Amino acid sequence: MKKIPFYKMSGSGNDFILIDNRRGILKNLKGRKLNRFAAAVCTHRMSAGGDGMILIERASNPKNAHFRWRLFNADGTEAEFSGNGGRCAARFAYLNKIAPARMVFETLAGPIRAEIEGTHVKIQMPAPQSLQMDIKIPVRDKTYVGHFLNTGVPHTVLFVDDPAIVDVVPLGRAIRNHALFQPAGTNVNFALIKTPRRVQMRTYERGVENETLACGTGAVATALIAGALGQGRSPMTLRQQSGMALRVYYRWDGINFSNVFLEGDARVVYAGEMGDETLFP
């Protein structure tokens, strides 16, 4: 295959492979071939490695957006949205002169507004949907209580005494695949509210099928649910497993959320080129 330029970026601990596909550099990869390509490229220690792959493409209507993105999870499935991925895509577009510091881009979750300031990016999130509180989730011999919110992708939040001692992968996987959340499944967040403006959290991510070091949409879901419970206030700082923090802003009128923003670090790790040896058998 021809050499494919890419950036490796980290959004507060979520890492992504970003490719400028506006001129169709991946035009020969369609359907399952593109899914397999994404999964191969995202495999850590065997290829570039990442929690996801993001393609920057031409906007369907350039009058309304500067570009369109496509996001693929590490398992190759295409996803609607990612908060940290969205922030990386925005900074990638700005650095490559695809969009100005204030921009709009298209996603499967709707148009996203972003603003760049140095290495920090602030994005306006899709309108949260489907809030469900106090869901009883039986897992083996124990019943957990979780809260559900779609913040562009589905999230279930469990408040715990200490996220550090939670066995995130087996419990997260059991809840992610639970019959209560089928057919789409759910991401799973384990959080501790330290103060009304400070939270510690860990996340099991659908599509990655493992714990990740950060999750933007999960941070938003956790902050908003804490607010709905009367235990959180905007802006809220959510410490991720990476040790870095994400900040969430919102308004809550007791019924609906509005003006939801996510802010955090989006750094370029390196730029490179993919060749044939990037794709292992």
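**Pocket and salt bridges**

Modeller: The largest pocket has a volume of about 270 Å³. This is a predicted model, with local features needing pLDDT of at least 70 and side-chain atom pairs pLDDT 80 or more, while totals for chains, interfaces and linings use all residues. Residues are numbered from 1 along each chain, and side-chain values use heavy atoms, without hydrogens and water.

Colleague: Which residues lie nearest the centre of the largest pocket?

Modeller: H44, G50, D51, V208 and N210, out of 15 lining residues. By class, the lining has 4 nonpolar, 7 polar and 4 charged residues.

Colleague: Why is the contact between R68 and E57 called a salt bridge?

Modeller: The rule asks for a side-chain nitrogen of Lys or Arg within 4 Å of a carboxyl oxygen of Asp or Glu. R68 and E57 meet at 2.5 Å, N to O, so the pair qualifies. The two residues are 11 apart in the chain, R68 in strand β4 and E57 in strand β3.

Colleague: What makes E57 buried or exposed?

Modeller: Buried means under 20% relative accessible area, exposed over 50%, and partly exposed in between (1.4 Å probe, protein chains only). E57 has 10%, so E57 is buried. R68 has 31%, so R68 is partly exposed.

Colleague: How do you know that E80 and R206 form a salt bridge?

Modeller: Their N to O distance is 3.4 Å, so that pair passes as well. E80 and R206 are 126 residues apart. R206 is buried at 13%, whereas E80 is partly exposed at 30%.

Notes:
1 Å grid on protein atoms, 1.4 Å probe; cavity = no way out; pocket = protein on both sides within 12 Å on 5 of 7 lines; lining within 4 Å. Points joined across faces, edges and corners; volume = space filled by probe spheres on them. Nonpolar A, V, L, I, M, F, W, Y, C, P; charged D, E, K, R; others polar. Helix = DSSP H or I, 4+ residues; strand = E, 2+ residues; numbered from the N terminus.
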